[in-house]
Amino acid sequence: MIYFVGHTNTESLTATIEEVVKYCEDKSVLAVDTETTGLDFLKDKMIMFQIGDDANQFIIDTRQVSIEPLRDILESETIVKVLHNVKFDYKFIRSAYNIELNNIWDTMIVDQVIHNGKNLRFRLVDLTERYLGIDVDKDVRTTFINMKDREFTYDQIIYGAKDVEHLITLREFQQANGIPANELEAAVELENKTALALADVEFNGIGLDTTMWSTLAAKSAERAKELGNKLDSYVLHIPELHQFKERYLQTDLFASVDTIRKVSVNWDSPSQVLKVFKVLVPGLEAVGAFELSNHKKIPLIRDYIKYKESMKLATSYGLDFLKNVGYDNRIHTSFSQILNTGRVASKKPNMQQIPGTNEFRNCFVSGLVDYQFVSSDYSSQELCIIAEGSQDPVWLQALRNGEDLHSICADLVYGQEWVDAAEQGCAYMSHKQKCNCPKHGKLRTNVKTVNFGLAYGMGPHKLANTLKISQEEAEELISKYFTIFPSIHKFLVSLGTYGTSHGHIKTFAPFKRIRWFDNWKPGLSQSKDGWKLLGTIERASKNTPIQGTGADMTKQALVYIHEYIKEHKVPVKVVMTVHDQIDTVCHTSYIDEWKEQMKVLMEQAARVILPSGLLKADTNISDKWEK
């Protein structure tokens with residue numbers, strides 16, 4: 001049955017908010033949905049709130065009736081609230097009533113966990129059609145946009161009720177299909193809790209010093225302009241490139257000849273740039289970073305790479321970035337919770353692609369009086385995961401002893417060459433710590449590249465380009481590396497073999513997040529170009545358990561921090577997360593205690609997956625956001 005709470009001219013059954021509370025308070029599972037006048041919780045409004053189950057649905061006109069009486073139900077730790085894309089509804093509910101949802105089941109997130117890696121869409125309309133065979137008319141949804149004082153139509157009321165009814169049925173379907181068969185219970189629980197934590201991060205936002213940013217944007221634009229002029233000068237002074245000079249110059253009475261551009265190349269057009277570069281490098285096929293990496297000795301190409309980097313800063317992180325500042329003078333990014341590996345992505349704006357230098361990051365501030373940043377990240381997270389997964393004795397011992405793992409690996413790989421490279425007072429030779437010996441630095445970098453490359457399925461070709469060595473040298477380095485560390489080789493091979501044999505791969509226990517390879521099928525190696533596809537699957541199978549396990553760990557830490565803040569009501573807000581780093585702002589009166597507590601929570605989360613306790617967290621206090 002559908003009940004309407006408010007005033008309407010339609011022939012609907014009505015109820016009071018008290019009757020809604022009475023019906024809901026003894027239920028174990030309820031569905032929740034909202035309708036809003038737009039997508040921005042800062043400026044748009046929630047106008048309809050729906051709650052109920054498959055038997056009864058209550059449609060509340062929040063322009064007339066407050067949902068405050070439902071606070072205890074929505075914040076209950078025992079009643080499950082089923083929503084689709086909970087972050088959206090959460091932000092509107094919290095913005096209007098400061099009600100913080102607890103114990104939720106997000107049908108969108110759960111379906112992404114079940115089908116991670118598959119080429120599917122996860123809108124509510126997609127799920128109802130896929131599992132229930134129901135084609136929901138979403139045209140009604142658009143009628144709520146910019147709606148102010150008009151009464152709801154019968155179609156709008158029915159639409160709101162059906163969403164609630166479908167959510168209950170979808171949860172039951174998900175519980176019976178996909179989750180138990182693939183042991184995804186722990187992953188589903190983690191992701192539902194993470195959704196609430198990320199909702200708070202999006203709601204809290206992060207402050208931005210707009211004056212500082214504007215100054216930096218102007219500097220980036222000027223740098224890009226200077227480099228563009230420098231590229232033009234190459235064309236003007238290299239005879240082979242004179243074909244790209246402008247044949248005719250157009251001017252007017254008020255323009256100086258010196259200010260008129262004399263080159264016809266648009267340096268932002270890859271096709272035009274390729275024509276120029278092919279004059280210098282005839283076999284060149286593209287002008288991407290990978291293709292140009294072997295030609296940096298050519299000044300024009302080297303400066304073009306710098307130009308592209310500067311243009312990225314001047315455009316993506318220029319003055320236009322300030323359009324992302326909300327009405328509260330804060331940046332509110334939006335997180336995509338599950339990529340193929342389980343990592344979180346950020347968009348509108350992409351905060352995870354903010355240049356890593358503190359020059360840019362320091363523009364972000366707490367934006368709150370007497371609040372400072374307390375940030376924590378894992379020290380060598382992926383290396384610890386590889387060490388635990390492979391149980392390599394050298395890696396494990398180095399991590400236990402707090403020694404520099406990259407230097408120890410370089411010592412074993414290079415042998416006498418490493419010994420001969422040591423200079424007087426070498427910190428490695430005496431304490432097995434990172435040293436300042438120039439030759440050690442080069443050898444350490446080579447092996448460090450291999451160490452981290454393991455987590456991304458790096459092969460000889462990529463290693464050769466990265467280290468600027470021949471492919472033969474890269475193959476020899478990898479071969480020698482795996483000879484010295486056979487357990488790591490065995491670990492990676494086993495992951496690759498499992499993925500190519502089964503068509504999926506999983507992260508470490510207890511979460512065992514699954515990633516399906518949608519284009520895999522039995523006998524793939526026998527099909528045309530199947531070996532190429534298997535190569536891609538093999539690399540992803542090596543990468544996902546490492547990167548995905550790191551994502552699981554960071555999410556668990558985010559959940560612990562989120563729950564601690566709520567339970568203990570401490571003056572702390574989570575404002576950002578980037579890969580293995582979590583950033584909070586804390587009132588100065590509590591900052592020393594929070595620094596210690598945050599470190600404890602981070603390392604507690606690490607032990608859920610890596611019980612050895614080898615993985616530690618670095619936690620720091622700062623006035624501005626730092627890497």
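Buried means under 20% relative accessible area, exposed means over 50%, and partly exposed lies in between, with a 1.4 Å probe and protein chains only. Please keep in mind that this is a predicted model, where local features need pLDDT of at least 70 and side-chain atom pairs count only at pLDDT 80 or more, while totals for chains, interfaces and linings use all residues. Residues are numbered from 1 along each chain as its sequence is written, and side-chain values use heavy atoms, with hydrogens and water left out.

**View 1. Phe 321 meets Phe 364 in an aromatic pair.** Phe 321 is buried, with a relative accessible area of 3%, and Phe 364 is buried too, at 0%. Rings of Phe, Tyr and Trp (its six-membered ring) pair if their centres lie within 6.5 Å; planes under 30 degrees apart count as stacked, over 60 as edge-to-face and the rest as tilted. Here the centres are 6.0 Å apart and the planes at 55° for Phe 144 and Phe 152, so that pair is tilted, and both of these residues are buried. For Phe 321 and Phe 364 the centres are 6.3 Å apart and the planes at 85°, so this pair is edge-to-face. The pair links distant parts of the chain, 43 residues apart: Phe 321 is in the loop between helix H11 (299-316) and strand S9 (330-331), and Phe 364 is in strand S12 (residues 364-365). Helices (H or I, at least four residues) and strands (E, at least two) are DSSP runs, numbered from the N terminus. The whole structure holds 22 aromatic pairs.

View 2. A salt bridge is a side-chain nitrogen of Lys or Arg within 4 Å of a carboxyl oxygen of Asp or Glu. Arg 63 is partly exposed, with a relative accessible area of 28%, whereas Asp 61 is buried, at 0%. By this rule the count comes to 25 salt bridges.

**View 3. Asp 200 and Arg 94 join two helices through a salt bridge.** Their closest N and O atoms are 2.5 Å apart, and both residues are buried. Asp 200 is in helix H7 (residues 185-204) and Arg 94 in helix H3 (residues 86-97), 106 residues apart.

**View 4. Arg 123 and Asp 126 meet in a salt bridge.** The N to O distance is 2.9 Å. Arg 123 is partly exposed at 41% relative accessibility, while Asp 126 is buried at 12%. Elsewhere, salt bridges that share partners join Arg 94, Glu 100, Asp 200 and Lys 566 into one network.
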